[in-house]
Each structure stands twice: as C-alpha cells, then as structure tokens.
Amino acid sequence: MSLLTEFSDILIKGTLDSLYMIFASTFFSYLFGLPLGIALVVTGDNHIMPAKHVNRVLETVVNIVRSVPFIILIIAVMPFTRMVAGTSIGPKAAIVALVIGATPFVARLVESSLKEVDKGIIEAATSMGCSKFEIIYKVMVPESMPSLIMGASITTITLVGYSAMAGVLGGGGLGDIAIRYGYYRYEGELMVVTIILLVAIVQGIQVIGNKWSKKINHLN
Amino acid sequence: MIRIENISKMYKTKTGGFLALDNVSLNVEKGDIYGVIGLSGAGKSTLVRCINLLERPTEGKVFIEGQEITAMDEKDLRKIRQSLGMIFQDFNLLMQRNVLDNIKFPLEIAKTDKKTAEKRAEDLLKLVGLEEKSNSYPAQLSGGQKQRVAIARALANNPKVLLCDEATSALDPVTTLSILNLLKDINEKLGVTIIIITHEMKVVETICNKVAVIESARIVKDGLTKDLINHFEEVNQ
Ligand SMILES: Nc1ncnc2c1ncn2[C@@H]1O[C@H](COP(=O)(O)OP(=O)(O)OP(=O)(O)O)[C@@H](O)[C@H]1O
Ligand SMILES: [Mg+2]
C-alpha cells in the first residue's frame, strides 16, 4: 500500500478535520437545537407553557430551514459564514453552515424524544409543586435521556455526511480529499480509503450511541 | 380542611364546551377519608384535580385550611401543592430514577437538604414495606409495589392531604386491600386527610368514613358512609 504511505499525512489531517467538524458542529447544533426542541414541545397545545403564536413561528422557521437542501444552504449562508468565521473556506467555515443546517434537525429529534415522556409523569411532578423549569430539566430531559442519546448519535452520523458535502465545497476534511484526489485526479484507491474511513467513523458513533443509551435506560 | 365552593368546570372542546362539573360543593374535614364515587365520565377525576388545581375550575373557589388557592399566584400555589400529596391510577413514577430517588424527588423540589432527604426517604420506604427495593427501578416492580412507592413519594413532604385518583383500579383485589390498609394506617398514624376517587363500592365500604356520589357532573348525595349504604345498594342493582 504505497498509496497509504504517500498520502498518509493528507489522510490523517483529513480525518482530524472531519472529526473536528463533526463533533464541533454536533456540539453547537445541540447548544441551539436542544432549547429549540424543548420550546417546540412545551409551547404546544396542552403542554406546560402553551403559546400558540410562538409555537407557530418556531414550527415555520424549523420547517423552512429543513426544507432547503444542505448543499444549497451552505452556499446561501456564505455571507453569514464569512461574518461569523471570517472566511468561507476551511473546517471553521464549514461548521457554521453545518450548525445552521443541523440545528432544526436536532430540534425535531429532541422534540420527538421529549414527547415520549408520559403526560402523567409531568402531571405528577406538577402536583408535587415543580416549577415549569424543574419539569423540563428534572423530569422531561432525564426521563427521555436514552432517547436523546440515540438522537445525538443519529445527528452525529448525519453530520458525517453533511461534513463530507461541506468538504467538497471547500470545507476540508475527508470529503475534500475524496473529491480532489479521487475525482479530479483519478486516484480511485484514495477515494475508497476515504470511504472506508467515513464508514468506520459512522460505525464507531453508532456503536457508542447504542451502548450508552442502553446502559442508562431503566425502562426495561 | 378542604372546602370546595360552587365549582364548575367547562372543558373547551372543538364543538364548544363540555361541562364536567356543575356547581359542585364539598367540605372535607381534617382526618376524613372521603370517598368520591361515580360512574366513568361522571367528573370524579376532574373534581379531585380541581383540588390541587391541576385543572382550574372555570367558576367557584377552593380553600385549603382556609386559604383560597384559586386566588393564589404560581409561587404560593407551588408551595401549597407540596402539602397536598397525590397518587394516580397508573402510578406515574419517574422511570429513570430508582425507588429511593423517586421518593427523594419531591424533597429535592422542596429544597430539603440531602442528608435529611435521604433519611426521610428511607423511613418512608420502611413505612410502605419496600426497604429491600430501594435500588430497584420502577420497571422492575409489580403494580402494588409501584403504588407503594408512589404513596411514599406523595408523603415525602409531610402533606396534610393525600389525593387518590383511582389509586387501586389497576390492582387485583388482594393488592387493593393491602394498599387500602396502608392508606388507613397513614390516615390514623400520621393524621393525613385522604380523598379517594373510585368507581368501586368496595373501596368506599372498606375505608371511607364519608362519601359523595357524583353523577353526570353533579354531587347527588353526600354524607357519612354508614348513612348512605342504602343508596349504594340501589346504585348497585
Ligand atoms: N381535557 C378534557 N377536555 C374535554 N373533555 C374532558 C377533558 N377531560 C375530561 N373531559 C370530560 O369530562 C368528563 C368527566 O371526566 P373525568 O375524567 O372527570 O371523569 P371520571 O369520573 O374521572 O371518569 P373515569 O372513571 O373514567 O376516570 C368526561 O365526559 C370527559 O370526557
Ligand atoms: Mg377518572
């Protein structure tokens, strides 16, 4: 495998850039997506902070962002990316677009996890004198933690794909290597190697996510 | 202890509204085990949920020890709720917390210090006879055991009142009897006033000193259980 030795530096840097993009964007997507997902749930009909108009606005924003194909979103937010990251190329810039793309996705996953929490449990907590915030952080979030963790692994895996796409558009990382060497320079083997690396990352995340979620779940 | 004055509850529905309680009044004295009995859909749950304002009556007032809770703000209401324990038909335990931590939950909410809470939770576990289950999770318990945990949890903050909505309806007759005995004990030893919602005559006969019969949103009869036995027999037929 002379190819591997020849390109090992590039592959290592590509992998690290990819991992950096994936995990940083997962982190920031949750930083924004978790509160957004919580807000989607609690402002809903018959929930703990019903607010029809707020709920409708949030719904609309989430749906709009989610309906823009990611590849187009990256280009559309470039001016904003430049403003935040100071540049529109490289991993840092890619993270900005990734976070914008993934936040509404995270919000939906969080929403569906939190909706699994039995209404009766929330009611019991209310009857014990819990405030609304206590219901959120002491009941809804801990009760749905196994499901939230599964959601986080789905998000991370989705971001593996998105980050490769962002890579193609100048974000760096494994996607960038695949297109630059594999496609433009006909280094087919190198493309295969990047794919293997991406598969390994996805597998790793999936296995960790499943194990962790299972470990903390006391439902059965 | 608890005074319900002319409350009505209108649920909003797509077709307008549904009157689940129609001008209901009830007076529960300290130490009572007060049964509220009626058929499905009569408004029993709605009535008990109006006592801790899980459901807000559309009209009327609710007093707890002379304080009008229907006029309280959020903060005072949360405080008073800590003195009103409640248990439910389907237990509503926190599934991701073990038994001991479930019992500690209301103590956490009341900001009780950790040591006191630990001790209190252990005492309560003993009271409901589940010491050996302290580290189990709700999913590993039987229905009767879950209800015991729920009772311990409801008692954590030394409530003056325990509200029970069909607390034994999901349990077999033997387990039902053991839970009822536990409730009676709690009433006698701790002096907790108990309100029991049920559709089972047997429950009323077993532990309630007073009872109200609710029929399509109204209380049609109420008084001492022993005086109303005849009425029940009519209902039973
Ligand atoms: N949130 C709601 N919206 C509209 N109608 C409701 C709502 N909750 C209850 N109702 C209606 O109010 C009536 C009384 O309900 P409630 O739950 O108090 O009955 P119940 O006596 O407890 O019955 P069960 O024995 O079946 O528990 C029912 O006809 C029910 O359909
Ligand atoms: Mg009911």
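Helices here are DSSP runs of H or I with at least four residues, numbered from the N terminus. The place of Val192(A) is in one of these, helix α10 (residues 188-216) of chain A. This is a predicted model, in which local features need pLDDT of at least 70 and side-chain atom pairs count only at pLDDT 80 or more. Residues are numbered from 1 along each chain as its sequence is written, and chains are lettered from A in the order in which they are written.

Val192(A) is partly exposed, with a relative accessible area of 46%, where partly exposed lies between buried, under 20%, and exposed, over 50%, for a 1.4 Å probe and protein chains only. Its C-alpha atom is separated by 34 Å from that of Pro79(A), which stands 113 residues away along the chain.

Helix α5 (residues 91-115) of chain A has 25 residues, and because 21 of these are buried, α5(A) is largely enclosed by the rest of the structure. At 1.5 Å a residue α5(A) should span 36 Å, which agrees with the 34 Å between its end C-alpha atoms; the expected span is 1.5 Å times one less than the number of residues. Shortly before the proline Pro104(A), α5(A) has a kink of about 35° at Ala102(A), the bend being the angle between axes fitted to the seven residues ending there and the seven starting there.

Between the chains, the axes of helix α7 (residues 132-143) of chain A and helix α3 (residues 99-109) of chain B come within 12 Å and cross at roughly 155°, so α7(A) and α3(B) are roughly antiparallel, a term for angles over 145 degrees. Glu134(A), Lys138(A) and Val139(A) in α7(A) meet Phe105(B), Glu108(B) and Ile109(B) in α3(B), with contact meaning heavy atoms within 4.5 Å.

Conventions:
Side-chain values use heavy atoms; hydrogens and water are left out. Helices (H or I, at least four residues) and strands (E, at least two) are DSSP runs, numbered from the N terminus. Axes are lines fitted to C-alpha atoms, for helices over the stretch in contact, and angles run from 0 to 180 degrees between N-to-C directions. Angles under 35 degrees count as roughly parallel, over 145 as roughly antiparallel, 65 to 115 as roughly perpendicular and the rest as oblique.
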